[in-house]
Amino acid sequence: MTLSQTALGAVVLLPLVTSALSLVLPPAARRWVGVTTAVLILLGTTIIVAAVAQGSVQELALSGHAPPLGIAMRADGLGALFLATTAAVGSLTTLYAAALPSSTGVRLDGDVPAAGHPGFWPLWLGCWAGLNAVFLSGDLFNTYVGLELVGLTAVGLVALGGRDSLTAALRYLFVAVAGSLLLLLGVGLLLAVTGHLDVLRVAQTTSELEDSGPVLMAVGLITLGLALKTALVPLHRWLVPAHAGAPGAVSPLLSGLVIKAALFVLLRCWLWILPETGDGQISGAQILSWILAAMGAAALMIGGATALRQDRLKPLVACSTVAQVGYWVLLLPIVTDPRAEGAVLQGALGGTVALALCHAVAKAGLFLAVGTFKEIYGTDEISALHGVGRDHPVLVLSMGLAALGLIGLPISWGFLGKWQLATSGVAAGHFWIVAVLVAGTLLSAAYLLRAVGPLLVEPEADDDARRSPHRRLRQVPRAALSAPLLLGLLTVGTGLLGSWMDQVLTVGVPW
């Protein structure tokens, strides 16, 4: 067994084991277990990404039996990039939670434990194991199992927000279960039609079918379930209460990472399974792809307009997620367009992945910064935080860097994604994509300016009030302040790695 194969199993098994182990440890010791796990996952992820970057798909046959008799773990370019982003965001959020335990949750009686909420570390490490399992699973059933683990632990993390978050957590639970049920129905139908669960074998078999209608039905069921999990408009009403009501260390995980698992599976099904299904399937898939693209365009408009009306920072940032999800489905009409060639498909995929992973990094940094302000002052009301940038320039700088990526300004990762998606749309004759990207960019700039701008403007008051307009509730360690700043720098810095990321993404693509 090679080092990269060992790492494939370790990045899934390690957080699962430490999640169980943390249940029997004292609350203070759980933080050290979480940080140690994050360091080891970073090491394992680096090994996997380095191996994939050399141009080969990394595969591990569990129990020594290859598919179809056995189960394979597989890291291609798409999975490696999602895995690396999860490791970066997860590690920095883990550092933040360990340095600021009060951000991990509130008891039902309203008490904030000094060592942090005891349920955070088992739930978060279990969620991390599920995320890595989704990105590395080679078959559809284990993908479903990973998504279930992610969904159930995410619901538990939302509930750590205290009594006020229980309603949002319950609603999230219903959505997660409904989405998983639709996904399982689709996977079962694909198994019945093809006789396989391994993604590559399913794709090979569906391309040889004479009647591809059942495959389209299966992918349609899977897509509907995943649309629920990603909160694609109009299936988005659960997201804002859940993400805004979660504790400060949980919101970045939900918005930055959890919904990316569903997006990853969506891309896997549409790009690996659907394009190989023949003319009849493509015709039906085109209709579905245009419906989803229309939902994406509506998400950009509705989410952006809703964010502009918010008077609190956390709901504003959560509404931004509703809007940003819309970018991730705009490529589907290109995917189902028979005129689109491999280079165009590669560009559309590269742009979409760049936008999604930029959102993961930037939104995590934005939520951490906003959550820190709430930890310091006990509120995220925009009107109550006028001028706090004078006392906390690092936090405001972090928010500004994250905003650059979400808006898509040069040289950020978001700019790279929008440029690739726009040029691919023009090359395929889908000029409407450019108009949607421009409209989404303008709305993003408007609501992010509404979030950051007031923090830089002094409140209207007399000189004594201006010198000390805010009442601090607690001090924040420097280690906690460094996490959102590093995520902000990562949002901008990754824009310089566009060529390398495109090269990695070509490893294992189906065309």
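Predicted model: local features only at pLDDT ≥ 70, side-chain atom pairs only at ≥ 80, totals over all residues.

How many salt bridges does the structure hold?

Modeller: The structure holds six salt bridges. Let's begin with Asp198 and Arg74, whose side chains meet in a salt bridge with an N to O distance of 3.1 Å. This pair ties together distant parts of the chain, 124 residues apart: Asp198 lies in the loop between helix 6 (166-194) and helix 7 (199-206), while Arg74 belongs to strand 2 (residues 72-75). Asp198 and Arg74 are both buried.

Now move along to Asp76, in the loop between strand 2 and helix 3 (77-99). Asp76 forms a salt bridge with Arg268, and their closest N and O atoms are 2.6 Å apart. Here too, distant parts of the chain are linked: Arg268 sits in helix 10 (residues 251-273), 192 residues from Asp76. Arg268 and Asp76 are each buried.

A further pair to look at is Asp337 and Arg339, which form a salt bridge with the closest N and O atoms 2.8 Å apart. Asp337 counts as buried because its relative accessible area is 8%, under the 20% cut-off. Arg339 counts as exposed because its relative accessibility is 59%, over the 50% cut-off.

Definitions and conventions:
Residues numbered from 1 in each chain as written. Heavy atoms only, no water. Salt bridge = Lys/Arg side-chain N within 4 Å of Asp/Glu carboxyl O. Helix = DSSP H or I, 4+ residues; strand = E, 2+ residues; numbered from the N terminus. Buried < 20%, exposed > 50% of the residue type's maximum accessible area, 1.4 Å probe, protein only.
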